[in-house]
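Dear colleague,

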Amino acid sequence: MNRRILCLLLTCVVLFTAFIPFAKADEVTMYASDGRTISVKQSDISLWMDVGWFETAEDARIITMYALDGRTIEIPQYYREAYRKVGWYNTREEVTLMMYSTDGRTIEVYKDAAEAHHKVGWYYNLSDVTVPMYDKDGVEYSIFKDNVEKELANGLVLDKSDVMQLMFSADGRFIHVPFAKVTDFEKVGWYRAGGKIDPNRPMVAITFDDGPGKYTDAVLSILEKYNVRATFFVQGKNVAGYKTVMQRAVALGNEIGNHTWSHVNLARSSVPTISSQINSTNAAVYNATGVYPKLYRPPYGAYNGTVLNCIGMPAVMWSVDTLDWKTRNPAKTLESVKKNTVDGSIILMHDIHQPTYEAVERVVKHLLMNNFQLVTVSELIQTRQGSAVNGRVYTSVKP
Ligand code: ZN
């Protein structure tokens with residue numbers, strides 16, 4: 001062996017020895033979904049992936065994915081994100097929902113089929129198929145709509161105020177109390193908010209003239225909060241601009257009365273003018289709310305025999321004049337109510353003035369805390385004297 005051959009041989013040994021670790025590092029294990037493994041060159045990984053091999057056992061593991069129409073698909077976990085992007089889901093829960101029927105049945109449907117189910121009487125929420133009902137102790141039950149008739153026969157009621165009294169505390173908290181416990185709560189400082197009319201308790205009617213206006217809706221919110229009602233003698237010309245406010249007033253149980261179209265002095269008007277002022281306002285209120293006014297209040301309290309004969313409705317005056325329009329002072333308005341209100345009073349205020357709006361909550365609270373029920377003028381007359389009489393003038397309705 002000459003020196004050149006020896007050199008070559010040594011070089012080969014050195015090179016071979018040096019490359020052993022590199023040769024081993026170049027091999028990686030790849031995984032198939034059926035559990036097989038192979039060793040491949042690092043540089044060939046993408047080639048092997050193209051034919052269904054994966055770098056980790058987790059990537060190769062077969063998973064099930066779900067479609068909204070109920071189809072399922074089995075794919076290697078590696079493709080999960082790509083499939084999610086085109087409308088497949090990880091779990092069955094993501095593609096189905098529970099639907100409800102009014103008779104208490106439930107069904108699990110694929111989301112794609114939900115709308116078709118909804119069209120034939122299935123609902124998305126339990127609250128769509130149930131209503132709250134109450135027993136005489138005020139305990140609330142959730143009743144399927146198909147069972148309401150049966151439960152009414154069993155003595156449950158739909159209207160909480162049939163079995164519960166809404167009460168409030170001087171610091172503004174509200175609770176519902178079963179009727180039998182009302183006196184117990186009164187002894188410890190709770191007061192009755194409005195509700196069903198008790199003909200044996202004192203009652204008054206608050207009236208608001210000249211609106212509707214920009215404070216009327218806020219006044220309604222206060223009345224709603226205390227579950228009390230008032231009467232709004234409106235000018236016909238203002239009604240169209242406050243249609244939804246008028247509808248809300250009616251929906252909350254308030255009364256809309258007629259205060260002429262444009263606040264004319266009826267006692268100084270001709271019969272045709274009187275008729276058109278009243279009739280156009282009745283029509284405007286009906287168009288806005290679907291209810292005709294039953295009462296009118298002559299502007300300035302001005303009426304005469306012609307007015308009363310010509311207008312075929314009961315006329316409503318007042319017994320407590322707060323002079324709110326003049327003082328524009330909430331404290332003075334409250335003071336006037338405190339001083340002058342008795343059982344059967346009809347109280348005059350004007351909801352077009354901000355200070356009046358500011359007085360309303362204090363007035364309402366004062367009256368409720370002094371055991372007055374706040375009712376509409378028609379309710380006051382009806383409870384005390386039966387139906388109001390056309391052509392008669394009502395100033396107050398004492399017991
Ligand atoms: Zn007026």
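This is a predicted model: local features need pLDDT of at least 70, side-chain atom pairs count only at pLDDT 80 or more; totals for chains, interfaces and linings use all residues.

Residues are numbered from 1 along each chain as its sequence is written, and side-chain values use heavy atoms, with hydrogens and water left out.

The zinc ion has Asp 210 (OD), His 259 (NE2) and His 263 (NE2) as its protein donors, 2.1 Å from it; donors are N, O and S atoms within 2.8 Å of the metal (3.2 Å for Na, K and Ca), and since water is not among the atoms, sites may look incomplete. Along the chain these donors follow the spacing D-x48-H-x3-H. Asp 210 lies in the loop between strand S12 (203-209) and helix H10 (216-225), and His 263 in the loop between strand S14 (255-258) and helix H13 (271-289), so the pair ties together parts that are 53 residues apart in sequence (helices, H or I of at least four residues, and strands, E of at least two, are DSSP runs numbered from the N terminus). Both Asp 210 and His 263 are buried, meaning under 20% relative accessible area, with exposed over 50% and partly exposed in between (1.4 Å probe, protein chains only).

Helix H17 bends by about 35° at Val 360, the bend being the angle between axes fitted to the seven residues ending there and the seven starting there. Among its buried residues are Val 360, Val 363 and Val 364, and the helix is followed by Asn 371, whose phi is positive, near 75°.

An automatic or database domain assignment divides the chain into domain 1 (95-156), domain 2 (159-192) and domain 3 (194-394).

Best regards
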